[in-house]
Amino acid sequence: MSIVRVDGATQIDLKAIDPGDTGLFSDKAIAKELLKLERKRIVAVQQRLFAERAQSLLVILQATDTGGKDGTIRNVFQGINPQGCRVWSFGVPTEEELAHDALWRYHQHTPARGMIGIFNRSHYEEVLVVRVKGLVEEAVWNRRYDEINDFERLLARNGTRILKFYLHISKDEQKERLQARLDDPAKHWKFRVGDLDDRVRWDDYQAAFQDAINRCTTPEAPWFVVPANRKWYRNLVVAKTIADTLEDMNPEFPPEEPGLDKVVIPD
Ligand code: ADP
């Protein structure tokens, strides 16, 4: 099995999806060449999306620590017009954010027409870290699944296509990646001892991810479970999914002003 598009018809079991899977691919070098082609497709359609200013794309990335959200953004979106793209990373909420409803801070950063918006963590944290760490009562996080579905439906009805990627790594792979960060002084800036608390709660997080995926899958906003132990495979399938979606959105250059053929540029 390779990348899994969750369609809502069946419930997924994360344990049954192999994080080390690479689908039909076994050759890293070939995958890297194919990634370049997928990036070209993304760049070509982004130009039309930006010019058209009618639709937008929201790409949501969720993963456990070291799951590869940053690396995915770096590799998949290389070469696109920065003017047409915004990345938002969501950390611990501020006092002001906490004084509002849970979706308030995310809604402010959804992509405007013509734009690609990338959420590095997202409103799903409200049913992930918040649930696992018990930051609000169960009754509160439990109703958020419906609120998220309503929120995403609102965005979709207003011209935003939504793609949600869960980067699925194994617990062993996370250990290796954390160890690599510890061993390399150039990676120490990424290492937070506090992240180890989350590792201890691995099973709780997996359960929370699985529920978020199963309870928040709608036709407007599909989830994709991406086997992500192999970074080259992860990058390729995320890029391909985004390229396919952008082509399906099929933005068009706006009509030109009439009479351009008669225009003479003054000296
Ligand atoms: P990342 O781990 O994504 O590279 P950071 O190191 O800045 O980025 O970590 C962001 C932190 O913010 C994570 O520990 C995450 O659990 C926390 N966080 C994100 N959203 C929320 C939220 N709504 N409530 C509490 N904590 C949150």
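Me: In this predicted model, how far does a polar side-chain atom of Arg-121 lie from an oxygen atom of the ligand?
Reply: Arg-121 is among the closest residues to the ligand. Polar contacts here are N or O pairs within 3.5 Å. The pair formed by a polar side-chain atom of Arg-121 and a ligand oxygen has a distance of 2.6 Å.

Me: Which residue has a side-chain N or O atom 3.2 Å from a nitrogen atom of the ligand?
Reply: Gly-91 also reaches a ligand nitrogen, at 3.3 Å, but through a backbone N or O atom. The side-chain atom at 3.2 Å belongs to Arg-105.

Me: How much of the ligand's accessible area does the protein cover?
Reply: The shell has 15 residues. Seven are nonpolar, one is polar and seven are charged. On its own the ligand has 570 Å² of accessible area, and the protein covers 76%.

Me: Which strands stand at the edges of the open sheet, and why is one side of each left without a neighbour?
Reply: The six strands run in the order β1-β6-β5-β2-β4-β3, with mixed pairing.

Me: Which residue in β6 is the bridge partner of Tyr-166?
Reply: Strands β5 (residues 160-168) and β6 (residues 223-227) pair in the parallel sense, over five bridges. In β6, the partner of Tyr-166 is Val-225.

Me: What angle does the direction of helix α10 make with that of β5?
Reply: Helix α9 (residues 202-215) lies across β1, β2, β5 and β6, at about 155° to β5. Helix α10 (residues 231-249) touches β2, β4, β5 and β6. Its angle with β5 is about 170°.

Definitions and conventions
Residues numbered from 1 in each chain as written. Predicted model: local features only at pLDDT ≥ 70, side-chain atom pairs only at ≥ 80, totals over all residues. Heavy atoms only, no water. Pairing = 2+ DSSP bridges. Helix = DSSP H or I, 4+ residues; strand = E, 2+ residues; numbered from the N terminus. Contact = heavy atoms within 4.5 Å. Axes fitted to C-alpha atoms, helices over the stretch in contact; angles between N-to-C directions. Near = heavy atom within 4 Å. Polar contact = N/O pair within 3.5 Å; in protein donor to acceptor, adjacent residues only side chain to side chain. Areas by Shrake-Rupley, 256 points an atom, 1.4 Å probe, with all protein chains shown as cover. Nonpolar A, V, L, I, M, F, W, Y, C, P; charged D, E, K, R; others polar.
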